[in-house]
Amino acid sequence: MRLASSATLFASLFALAACGGSPEASETADTAMDSGSDAVVAETVDDSAAMSDEAEMVDPAAETGTLAWAAAGEWRDEDDAARDVWRHPVETLEFFEVDPAGTIIEIWPGAGWYTEILAPWVAANGGQLIGATFPADSESENRRNSRAAFEAHFSSDPVYGNVQVADFNAETGDIVAPGTADTVLSFRNIHNWMGGGFAERAFADFFRALKPGGTLGIVEHRLPDTREQDPRAGTGYVQEAYVIALAEEAGFELVASSEVNANPADTADHPNGVWTLPPSANTGEDVDRSVFDAIGESDRMTLLFRKPLSTPNTETDAPVED
């Protein structure tokens, strides 16, 4: 397979080292907190202007049903909204070309930080939002509780519409009927799947779920390409080139990358990995947090992929292995 070749290449370039971290701990770290073309040319988008404070000021009087309206919604928790300056939800979803009238899957939404914005926006525009989270019969009590809390919250207010819930983990089958989703979104999850040893399978699942021409939007903590990549991503950081290789191996085409969620102050070498930084702030009581708080939230890649309009293997709807 191509990714096997890519992994060999990364091993030679970056000296990949094995990690003995717990997949369970890695997989739950973040979730516990919180028109296509066959010849798409990848591009890098300069979003430096979008990173200003002014770009994060959403007009609370925005027209009902718009993305700006959803981001300014009174249903959002104040602490969640305060993180917009780091997470740039409006700019990110615009970059991902999300059509709120389509079928959108949010992978491992956790407590629903992005769902609070997506659900009202999608409901107001006649689309369907699906939260792909842990199965209700998960062995982990935390995971069962996470799903139950998500279901309860997003059925508690008509503004969220009819948010459906699907299963997704290392053992589950299709998220939705193959070829029926318009968009798949994942925010800060890939390190979890690497920790659990099923990152390749996850991307294959996304590819299968999407319609031809459907899009995949990825945000992930970014490891500098000059640094050694832990195959288990125990620090929570992942090289952008590795994520692109995972997606391309599954059959996706890279459309564009954005720096809207970049943070040049993040050195990605903190004592407790990415969880040293806000919002986790995991440093212990005797550590001076001022240095880490001054950095802010992590440096993040923002990548847009597309499923080609035609695929090499129409019977399996997946790319043919070499």
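Colleague: What do the buried residues of α10 pack against?

Modeller: They pack against β2, β5, α9, β6 and α11. Helices (H or I, at least four residues) and strands (E, at least two) are DSSP runs, numbered from the N terminus. This is a predicted model: local features need pLDDT of at least 70, side-chain atom pairs count only at pLDDT 80 or more, and totals for chains, interfaces and linings use all residues. Residues are numbered from 1 along each chain as its sequence is written, and side-chain values use heavy atoms, without hydrogens and water.

Colleague: Which residues of α10 are called buried?

Modeller: Ala199, Ala202, Phe203, Asp205, Phe206, Phe207 and Ala209. Buried means under 20% relative accessible area, exposed over 50%, partly exposed in between (1.4 Å probe, protein chains only).

Colleague: Why are α10 and α11 called oblique to each other?

Modeller: Their packing angle is about 50 degrees, and their axes are 8 Å apart. Axes are lines fitted to C-alpha atoms, for helices over the stretch in contact, and angles run from 0 to 180 degrees between N-to-C directions. Under 35 degrees counts as roughly parallel, over 145 as roughly antiparallel, 65 to 115 as roughly perpendicular and the rest as oblique. α10 and α11 are therefore oblique.

Colleague: Which residues make the contact?

Modeller: Contact means heavy atoms within 4.5 Å. α10 gives Ala199, Glu200, Phe203, Ala204 and Phe207, and α11 gives Val243, Leu246, Ala247 and Ala250.
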